[in-house]
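Keep the viewer open as you read.

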Amino acid sequence: MRTDRRTFIQLCAATSGALVLGVDFAEAAEETAKPFEPNAWLRIEPDGRIVMKVGKSEMGQGVRTSLPMILAEELDVAVESIYIEQASPGPSFKGLGTGGSGSIMGQWMRLRPAGAAARAMLVAAAAERWGVSASTLQTSNGAVVDGPTKRRATYAELASDAAKQPVPEKPQLKDRKSYRIVGTSRKRTDGPDIVTGRARYGIDVRVPGMLYAVVARAPQWGSKVESFDATAAKKVSGVRHVLQIPNGVAVVADNTWAAMRGREALRVNWTVSPHASFDSVEHMKALERAIEKPALTIRKDAEGRAAFEKVKKTYEATYSYPFAAHAALEPLNCTVFVGEGKATVWSPTQTPNGVHAAATQVLGLPESAITVNVMLIGGGFGRRLGVDFDREALEIAKLVKGTPVQLVWSREDDMRHGYFQAASVHRLAAGFDDEERLVAWEHRKASTPHNARSVPTKDDKVNPETVRGWAWGVYDMPYFIASAEMSYAVVDAPVPIGPWRAVFSPPSVFARECFIDEIAQETKRDPLKLRLTLLGADDPSVSPIFDVADEHIDRRRLRKVLETVAEKSGWATPVAAGRARGIACNVFHTETYIAYVVEVSLKKAGAMPFRVERVVCALDCGVAVNPLGVAQQVESGVIWSLSNMKSEITVRNGSVQQGFYTDFPVVMIDETPMSIETHIVASDDDRPHGLGEPAVCPFAPAVVNALSRLTGKRIRSLPVKL
Amino acid sequence: MPQRPVTINGKRHVIEADDAMPLLWVLRDLLGMTGTKYGCGAGVCGSCTVLENGRAIRSCQTNFSDTGDKSYTTIEGLSAAGDHPIQKAWLAEDVAQCGYCQPGMILELRSLLRSKASPSSAEIDAALSDHVCRCGSYPRIRKAALLAAKSGGGR
């Protein structure tokens, strides 16, 4: 009996996952042709097809390309021979989630042993069949080969025997020197589907008989539905239902457009918002007041701020960073079908298990009765780590049980009801000794912690370890300065704050790296040379390794990327007339080391008053699994960061003022730098680290540093106003 | 509700829809052709771009009642086998990241190359300058566009 695919997937979901399937299949002995499935990540079908589960959501970062490369390397098969299936949350997959630039590293830890274990079992099966020692056998491109006899058996031929082999606990992993696939450039596996329109994102889910929904949400945070009049909405052709849900009023219709028109006709009275007077201009002033005095210390080196009492000269500057939206092109959406005692969800989610949990709560069904299909994501950037939109879809589907329904957020919904990057204000101070050496450092940050997915407690806000976790880019300042003190002032706001590409880092790194440039200018030093000096280039007594909290920074690696970017950009050579160069660097979570040199001019680029003429990036991410993917993430980070120099989210009377790409303009093609070069620095670090977020952080400061030099006027806030 | 014939990718469909319904939703929700994307509904982002008699238009700004005697091409119909020179150039330069904006970008370029077979990089920028790509695939779009022009994307 040959199980069909659907049945088989359900069978898999019913088992407990990794490393026990050998037993399960032994028990199911009446099956003659069955897949070899040594763990949850991989199975080899009797027909030889190798099927891999992708445990990360594809949102453009290329996981459906890079992750199969890792498995193929250890399993010793061609990447092209791997079929991929998106993993769904369940007993085998309890921790699916895509964020923190952790996809490649997280899956590296899982897929290498998964591939190596399977390979070892296939080799063991061949050894048993041929009566030879496994150590005499090799694998090559999907087959086990016996060198001396030239015997050869494909993985397909060996699969059912391999399933009977014990799963090795610590399979031998390949040595880095013998990689054939990892480290080569591979094009996107999803490319052909994308260019033909076949790629299915969450919003493209089409189920027979489905309806479409939009939700009228409170125009101000904290308001609730007081009453609503659906008379006119129900008269709109195609509108089927008008339903109150916890988050507002849903209009359910035969098509998206009818639902949107129905919402326009809907009249809702909202309760008075407790935040009706919230204004982002006033909020920025509150942040400025909050850094007038030090708040909670999150790092103190040597004498801390007391060192400023002894310095010869102090230099200070204040930086600010606005609220910002994700503004992914695919608006938030989720499709749900609630049947009798079961449900199916299709979500473009970064947190499949979060959706699973939300579904159990909203529907009152056990997880085993709910299937969550993880769809392609038309831009994630952290926003889809929230399940607010999934919850809305679940609430609506519960009310129209028996009918599948797709919730779509309009562009304005997506922009106005975001989980935003928090606005922040930074005060930095540098103290110099008699010889103008930088000997004291202070960085105070005032901002709002994440509050959208869970609200920090009073205790959280005074716990230095918790607060430090909100201050990436502040406490992990990599330079050696004898005395330093960093502090964080929590300023609450009703604005929903959540993870946004690179999370807490972009504002902090912007402030820190611009301030370093100011110090260099103030003390007439070259900003590259100053950074290298502060990283111990001239002083062997400066420790090359720097540990702070759980971060482990190797200053030599940061120096190396700075030296590389300087060399590749011609930092030491004169820049063309009308241009200036800027430089900045960062270590993202002690993992990816990255530096940019940019050249800017004051020629217009699209709607921008300046143009980034050239971008040179050098980075050390350990193992670059797919160098082409690395370059793409750098390009993406550059454009993302450049958009932050152009747009901001502002709030008035408790409402976000922007709603479209016209008032929250992102970078367009005519504003894009003409040249972006990525140089991957060879690294001793034998693990691969992420790029999606690291590539964002030091770009804006590099550009601002160049612009400040070019215009002679220091820019200390974003968006850039020349 | 009125029934109207509309020709999409060479095939004539008779569709019943409200006159004011944008072509975008006719395609996506009534015909299930989801290659044409919803991004803003305001004609700003370009992700809903389709070809109308060969010229790029925003399907979110085109009422169903105005589609009458015209012929439309969506991304699904650009080529039967997915091997139009623009699609091939896109794959050669590995343009896409999330890919959501790419159907609109590709069809806008198709429209440009039809009227101008060998555009300059600046002309490509100008033609695509009202298409949003939030991932930032623009540098590769430029390269692919030049490659597509060279390889007969305007034919």
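This is a predicted model: local features need pLDDT of at least 70, side-chain atom pairs count only at pLDDT 80 or more; totals for chains, interfaces and linings use all residues.

As for bookkeeping, residues are numbered from 1 along each chain as its sequence is written, chains are lettered from A and ligands numbered from 1 in the order in which they are written, and side-chain values use heavy atoms, with hydrogens and water left out.

Now the charged pairs. Side chains of opposite charge can pair when their charged atoms come close. Here a salt bridge is a side-chain nitrogen of Lys or Arg within 4 Å of a carboxyl oxygen of Asp or Glu, and that rule gives 67 of them over all chains. Take A:Arg49 and A:Glu45, whose closest N and O atoms are 3.8 Å apart. A:Glu45 is buried at 2% relative accessibility, and A:Arg49 counts as buried too, at 19%. Another salt bridge joins A:Asp301 to A:Arg299 at 2.6 Å, N to O, and both of these residues are buried.

A:Arg427 sits in strand β19 (residues 424–432) and A:Glu442 in strand β20 (residues 438–447), both of chain A, so the pair ties together parts that are 15 residues apart in sequence. Helices (H or I, at least four residues) and strands (E, at least two) are DSSP runs, numbered from the N terminus. A:Arg427 has a relative accessible area of 13% and A:Glu442 one of 4%, so A:Glu442 is buried.

Which sheet are those strands part of? In chain A, an open sheet of five strands runs in the order β13-β21-β20-β19-β14, with mixed pairing; two strands pair if DSSP finds at least two bridges between them. Its edge strands, β13 (296–301) and β14 (313–321) of chain A, each pair on one side only. β14(A) and β19(A) are antiparallel, pairing over nine bridges, and A:Thr314 stands opposite A:Gly431 in β19(A).

Finally, the helices. Helix α9 (residues 280–290) of chain A lies across β14, β19, β20 and β21 (483–490) of chain A, at about 30 degrees to β19(A). Contact means heavy atoms within 4.5 Å, and axes are lines fitted to C-alpha atoms, for helices over the stretch in contact, with angles running from 0 to 180 degrees between N-to-C directions.

Notes: Buried means under 20% relative accessible area, exposed over 50%, partly exposed in between (1.4 Å probe, protein chains only).
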